Amino acid sequence: MIDYLYQTSDFNLFLLLSFFFIFISACALFFIRWFFPLHLRYQENAVIGCTSALIIMIYGVLAGFATLYLINNNNLASDAVQREASAVADMYQVSQGLANPARTQIQADMKNYLDEVIKIEWPLMSVGKAINDVGSTLIGKVVNQLTHYTTSNSTETIVLTHMLGISKNLYDARQQRIQMSYTSLSNEIWVVILVGTILTLCVSYLFGVNFYLHFFIVIAAALMTSSIIFLLISLDKPFQGEFLVGPDMYQTVLTFLNKS
């Protein structure tokens, strides 16, 4: 069920969460009004209002920090993708300074690497599955070629040194991308968020006001809390659902390399 939420389109997810929260809230409202008469709740409006304000403030702060944390994660994931794609392009271009067959082999390995990321790794990340080591093997293969390459002049030595630096950047960016694909809010944070959501909604049911006004308050609270949950789920995993971070950068680099 949880994985289904991450794979659902943003529009459908928002509708699903909104309908669920509104339906539960409407049922709870009628239950409260049936068992707790208006005059009993009206006498405690001041206490209920203060309690509601305190809960909403704490809930809002917690949701805000969680959102900022996830936005930062998505920025880190986007940065890793950009650095990885740029490193592949740099490796391909700088390899022009090497002699064949090393140059041709390294360029072919870089294209294969991009194919691996786009066609194999990205679909795995999109469903939260573990990524294989083929990409790392290709990087290791390139590094092995570079370390065994015999330079014939100072220019090749400079090129070789530069390419070894690029290969390190490529590997680091790759590891960061893979790590970010496994990163999400911890279960403990989700428990606290859900408890805050339940308390926020439950307190809104207790106000002693006109029915139509009360109904509006409850629906507004349901929409607000469902929107927060929707936002957190949408941001939680940067490579799942409707991609916040997509493989477009890799595809652009691969298209450019194929035209080179």
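**Helix packing and a buried serine**

Leaving aside neighbours within four places in sequence, Ser52 is in contact (heavy atoms within 4.5 Å) with Val203 and Phe207. The model is predicted, so local features need pLDDT of at least 70 and side-chain atom pairs count only at pLDDT 80 or more, while totals for chains, interfaces and linings use all residues. Residues are numbered from 1 along each chain as its sequence is written, and side-chain values use heavy atoms, with hydrogens and water left out.

**Ser52**
- Ser52 lies in helix H4 (residues 45-94), where helices are DSSP runs of H or I with at least four residues, numbered from the N terminus.
- Ser52 is buried, with a relative accessible area of 10% (buried means under 20%, with a 1.4 Å probe and protein chains only).

**H4 with H7**
- H4 and H7 pack at an angle of about 150°, with their axes 8 Å apart; axes are lines fitted to C-alpha atoms over the stretch in contact, and angles run from 0 to 180 degrees between N-to-C directions.
- H4 and H7 are therefore roughly antiparallel to each other, a term for angles over 145 degrees.
- The contact of H4 with H7 has 14 nonpolar, 5 polar and 6 charged residues.

**H6 with H7**
- The axes of H6 (residues 134-147) and H7 (residues 154-181) come within 10 Å and cross at roughly 165°, and H6 and H7 are therefore roughly antiparallel.
- Residues making this contact include Ile139, Val143 and Leu146 of H6 and Leu160, Met163 and Leu164 of H7.
- The residues of the contact of H6 with H7 divide into 8 nonpolar, 5 polar and 1 charged.

Note on methods:
Helices (H or I, at least four residues) and strands (E, at least two) are DSSP runs, numbered from the N terminus. Angles under 35 degrees count as roughly parallel, over 145 as roughly antiparallel, 65 to 115 as roughly perpendicular and the rest as oblique. Ala, Val, Leu, Ile, Met, Phe, Trp, Tyr, Cys and Pro count as nonpolar, Asp, Glu, Lys and Arg as charged, and the others, Gly among them, as polar. Buried means under 20% relative accessible area, exposed over 50%, partly exposed in between (1.4 Å probe, protein chains only).
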